[in-house]
Amino acid sequence: MHKHKSNNALDSKLDAVSAALKQSIKNLDSYTHVRGESLYVDDVNVRQGTFHAVVFDSPKAHGKITHIDYSKAEALEGVERIFTYKDIPGKNEIGGIIPDEPLFAEHDVHFWGMPIALIVAKTEFIARKARHLIDIEIENLPVITTAKDAKSKGSFINAPRSFSLGDTEKEFDNCAYIFEGETFSNGQEHLYIETQGAYAEPLENGNIKITSSTQGPTAVQKTIANVLGIPMHKIEVDVTRLGGGFGGKEDQATPWAVMTALATYHLNQSVKLILNRHDDLRMTGKRHPYESTYKIGLSKDLKILAYDVEFLQNSGAAADLSPAIAERTLFHATNSYYIPNVKTTVLSCKTNLPPNTAFRGFGGPQGMFVIESAIAKAAHEIGVSPRQIQEVNLLDENDMFSYGQIAKKVEAKNTWNSAKSIFNINALELEINDFNKNNSSFKKGLALMPITFGISFTNTPMNHARALVHIYLDGSIGISTAAVEMGQGVNTKMMQIAAQVFSVSLNKIKIETTNTTRVANTSPSAASSTADLNGKATLMACNSLLERLKKVASEELNISEKHIELKDEYVYANHKKSKLSWTELISKTMLKRIALTENAHYATPEIHFDKTKEKGHPFAYHVYGTAIIITTIDCTRGTYEFDTVKIIHDYGKSMSEGIDLGQVEGALVQGIGWMTMEEIAYNDDGRLLSNALSTYKVPDIFSVPKNIEVIPVETQGHDLAILKSKAVGEPPLMYGIGAYFALQNAIKAFNPNHDLKFHAPMTPEKVLMSLYENSLK
Amino acid sequence: MITFILNNKTIKTPEHSGMTLLDFVRYEQRLTGTKIGCREGDCGACTVLVGSLNNHETIDYQSITSCISPLGNAHGKHIVTVEGANLQNKLTTVQEAMKANYATQCGFCTPGFVVSLTGFALSSSEKNQKNALDAISGNICRCTGYKAIEKATHQVVEKLENHNNLISFDWLINNEFIPQYFKTIPKRLKDLELKSSNQPEGKFVAGGTDLYVQQADHLIDKAVHLISIKDDLKGITIENNHCTIGANSTVSDLWNHRTLNTIFKNLKKHLKLVSSEQIRNMASLGGNIVNASPIGDMTIFFLALNSTISIINKDKKERSIPLKAFYQGYKTYDLKEGELLKTISFKRPMAHAYFNFEKVSKRTHLDIASVNSAIYMTIENNFISEAHVSIGGVAAIPKYLHNTSKFLTGKNLSSETIIEANNVLQNEISPISDVRGTNGYKRLLGRQLFFAHFIELFPEQFTLNDFAQHA
């Protein structure tokens, strides 16, 4: 692996990282994953007589259904039945935050791909054939595809939200520099490799069991109960694992599960629905595109004094999670900077795209892209390096965020300064300047990207979880939580917690599927908080059991509980190994008729937020970090590569270094993808053009940075983080934003007159057009 | 009956030859380790290995995406899924490397990577990191960011490094790359009773790499007329200064061909831009040509070689036409009912010949071009005696640039000539805006790739500066 020459401090840190990786726990699913034995929804053994379903969806983005004829499709051999809104016994409503989204379109369609009916047949192939036989006529209504257009037509999801701090209007008068501009960041397809899917089985008494690829089992259960008009306890939702989620299965795994349940409800037979890739791409929402306008004011010494920004969020045709995502955009609008006067407004614009939804970062990245754009613009106009502006405005201890929270245990400057010194930023910049001087057809660019990301659901009531821990007669342990495993390694972390508390080997512990009958009324696995919330609950349950076991041991050994500890599957008394083993202790406990099961509930303390004032303390803590990104562009072809990404990341005290590094690298690459090659395209009629993997490109092994170095910043961690190991799922995605600005700087090296644009992603097309924009005018 | 060995089991199935191999292994055989990610060969989650007995009584293994592979093409082969690579109760060397390096997160793409890397160990390619990465170039992972996978790959390569080319089954078994039963496969494949599966009057299918992307629903419940098993359409011959390539040759056949690699010294670099290894292993040249995509990479390649194609009809009558005359309009071409493309041939480039291929797409690898272009020239003493330029993505057909080629011919090679030739080129193309780029971008890119040919071929003579200042 490439190491920077003669940088001993860095080398020793990288060596420490490699050493930690060798020791660190591996994802507990690794064994079955690499053998192809892990089970996903489509791998579940289906019952005899299972039907397969395909969704019939709108072939227009907006209109009235004037005629629809299912007769030819119904007549096809093998078709069992076609379900529409008329077959819904409860409410035709699946909206989570706002009830504005039907399961099936009734008389109007609002986006291309909106479900209209479910075709159930003997095989998926027959169902798909039947889909071609449905006749539909739609009277077109005007189609809105952009947020700006929606705003001009007054088409919104809900009322705008606005945060403010200080007096922005007044402060602009005191600014030496003021710049205004517009930015656009496009959507992003989740591209979980496992598409959406669900499998429903009828149980007795009208009960239904659903196996779903969802991040939110309770949302699935609740919505099915609502649509079928039956109590929640009749619905059991079970999740083994997801083949990727990234937010795309937080809310949008629900409709498919509901459809299978509806069909099972009527047919009393098992029904399976797995979306094929094209259907998934067409029917599901993505990261929200944002069109934003900003005004930034700076003092002579480059302090940002005032920042005013309006975000237009392209929410799509229904609310879905858009209001919550819009809120998080406001929370992160100033990224890692302290700005004394801030006004931020977000408008959730209703358009005729599929309802856009959660995607790693949840509106935060969109907010951060705008402030970074404003800084890049200001730097360009003033004639300084963006990093000079970034640096003098970094957040400090006790600074106030625009939403009233006081920043504590801040690591913004620490990670920034560490990045500069450990990676030797001056040497890197010199190298780049030299390279650019000596090369006419290739140019390099560098950007720094600091991040500050708040951890907790911003909707305070969602910050809770439960864990159910059984110790079985033989000393083996089963743990159920609300956490859904989707590759982030949360189950491994749960297992580590129990192993640590009981001091038993990992093979004594099993993490059960996520199931609504074992752990009820849960929040989705999202907001980077899954390990914190469920881990704290698991820790509580295990600690309760431990106390009980210690009491039994103290009675057995006739020694005070204070002097008892469990170690390596034995009871230790006064630090000496006793004869009482873990297994024996469990038998004794059982004989004493003491419960070996515990259920614990955890709710994050300290957090609160008042939406009427838009002030409060919504986050348990923040995660910090700084990335340095270097790119090389080929000025002949407009293509580019990323030479290196160097990151100082605030893990707190990582409990699983290997898993956490995987989250950082994976999120970074996803963020770079969003900023570079991943380009969602709809035409004016609202039809998705990037509708296949041949037209929507995510990073492959050749397009990722040649080198990624991630060094942990050494901190004490945070008490509200599980075992002081901070949340890591989302924050590193935002390092990827630096890719845009690194490319922009490389373009400037070729074309000094470059007219800066802030329109992501920076595709090879935009790079080439920017390189030669002067000659094209 | 389609007869083949699936992992350690002999299969005789009456299923339709047009069914996909993926559906057969997942749903007929319940081998669910082979995952469905896209059904268009773009993600690699369904990667399996195809082993074919060759003359030397060893087996050539190649990775393919089973989602766009007709079941009929498995006839007589050894098909290996991830389950077929598993050892009992322990991990293989490849699997252990994936685990030890955190190269699996959600796990859905993982079996594909494991199969591709196992295929690499079984393959005859030189065992270095570059080739190992090529082997997994068609596997998409959305979780890891690939760095952990690169490390796993590195660990695998380290184990294999002292072995060049084909490694014996014994060594691979002893070093836990593959299970024991592989040793029985050569004999069992030889002993398979292969009644040539009857070839009905169905749709002609070769590799299927585009057909199954476009029309899977029209193929999977039918028998199809498989071309891949026709050996007479295979083979590369170089005689009398002519190269003739059977239409059924795959891109990998070109990749591996020793002489072609000496004739085109950047052949692998060019072909690496064409697709992933899995697709190169399946995609036939004939398919690329009759698919008539305005952006077909191999078509652009052969247009610049001023190639001739030979076509046979049902009565085995043959006719030849220049490739550049084959295309008539968007996806229409000079091929009549029952006719089949037989060979493509071109004059072997000799001394003073220069060839280059360029392609730019949103993602450099495993993507469809925004614009691609190829050039062939013979130049002596700076005089261009012959020139052929082709370009894709800028017209309804893969375009041979008659005027630009003619303009260049007989000129002295200079930046002025090239800049003027670009003006001719710009008048010959008519790009439209679509998901692969705007019209303006494609024009600009067409120009840049045209310049790039000369910068690549004559780095001592031209740099970007020679053209950029005029641009």
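**A first walk through the model**

Mentor: Let me start with one residue: Asp650(A) has 29 other C-beta atoms within 10 Å, so it is buried. The cut-offs are 20 or more other C-beta atoms within 10 Å of its own for buried, 12 or fewer for exposed, and partly exposed in between, with C-beta atoms placed from the backbone. This is a predicted model, where local features need pLDDT of at least 70 and side-chain atom pairs count only at pLDDT 80 or more, while totals for chains, interfaces and linings use all residues. Residues are numbered from 1 along each chain as its sequence is written, and chains are lettered from A and ligands numbered from 1 in the order in which they are written.

Trainee: Where does Asp650(A) lie?
Mentor: Helices (H or I, at least four residues) and strands (E, at least two) are DSSP runs numbered from the N terminus. Asp650(A) sits in a loop of chain A, and that loop runs between β28 (639-649) and α18 (657-675).

Trainee: Which residues is Asp650(A) in contact with, leaving aside its neighbours within four places in sequence?
Mentor: Contact means that two C-beta atoms, placed from the backbone, lie within 7 Å. With those sequence neighbours left aside, the partners of Asp650(A) are Glu411(A), Thr415(A), Val623(A), Tyr624(A), Gly625(A), Val713(A), Thr715(A) and Lys726(A).

Trainee: What is the radius of gyration of chain A?
Mentor: This radius is taken over C-alpha atoms, and the globule rule is 2.2 Å times the number of residues to the power 0.38. For 777 residues, a compact globule would come out near 28 Å, and chain A agrees with that at 27 Å.

Trainee: How many helices and strands does chain A have, and what percentage of its residues count as buried?
Mentor: Chain A has 21 helices and 30 strands. Of its 777 residues, the share that counts as buried is 59%.

Trainee: Which domains does the assignment give for chain A, and how many Å separate their centres?
Mentor: Domain bounds come from an automatic or database domain assignment. For chain A, the assignment gives domain 1 (1-38 + 406-459 + 613-777) and domain 2 (464-603). Taken over C-alpha atoms, the separation of the two centres is 37 Å.

Trainee: How do the residues divide by class on the side of domain 1 of chain A that touches domain 2 of chain A?
Mentor: In this contact, 19 residues of domain 1 of chain A meet 16 residues of domain 2 of chain A. Ala, Val, Leu, Ile, Met, Phe, Trp, Tyr, Cys and Pro count as nonpolar, Asp, Glu, Lys and Arg as charged, and the others, Gly among them, as polar. The domain 1 side of chain A divides into 13 nonpolar, 5 polar and 1 charged.

Trainee: Which element gives the most to the side of chain A that touches chain B?
Mentor: The contact takes 66 residues from chain A and 65 residues from chain B. Elements of chain A that each supply at least two residues include α2 (30-34), α4 (124-131) and α18. With 7 residues, the one that gives the most is α18(A).

Trainee: Which element of domain 1 of chain B gives the most to the side that touches domain 2 of chain B?
Mentor: Chain B is assigned domain 1 (1-229) and domain 2 (233-468), and 20 residues of domain 1 of chain B are in contact with 18 residues of domain 2 of chain B. On the domain 1 side, β4 (59-65) and α5 (129-135) of chain B give two or more residues. The one that gives the most, with 4 residues, is β4(B).

Trainee: How many residues of helix α15 of chain B are buried?
Mentor: This helix covers residues 297-304 and is mostly covered. Among its buried residues are Met298(B), Phe301(B) and Leu303(B). The count is 8 of 8.

Trainee: Is Asn381(B) buried or exposed?
Mentor: Asn381(B) lies in the loop between β16 (371-380) and β17 (383-392) of chain B, and has a positive phi of about 50 degrees although it is not a glycine. Because it has 8 other C-beta atoms within 10 Å, Asn381(B) is exposed.

Trainee: Which peptide bond is cis, with omega near 5 degrees?
Mentor: Look at the loop between β30 (759-760) and α20 of chain A, where Pro761(A) lies. The cis bond runs from Ala760(A) to Pro761(A).
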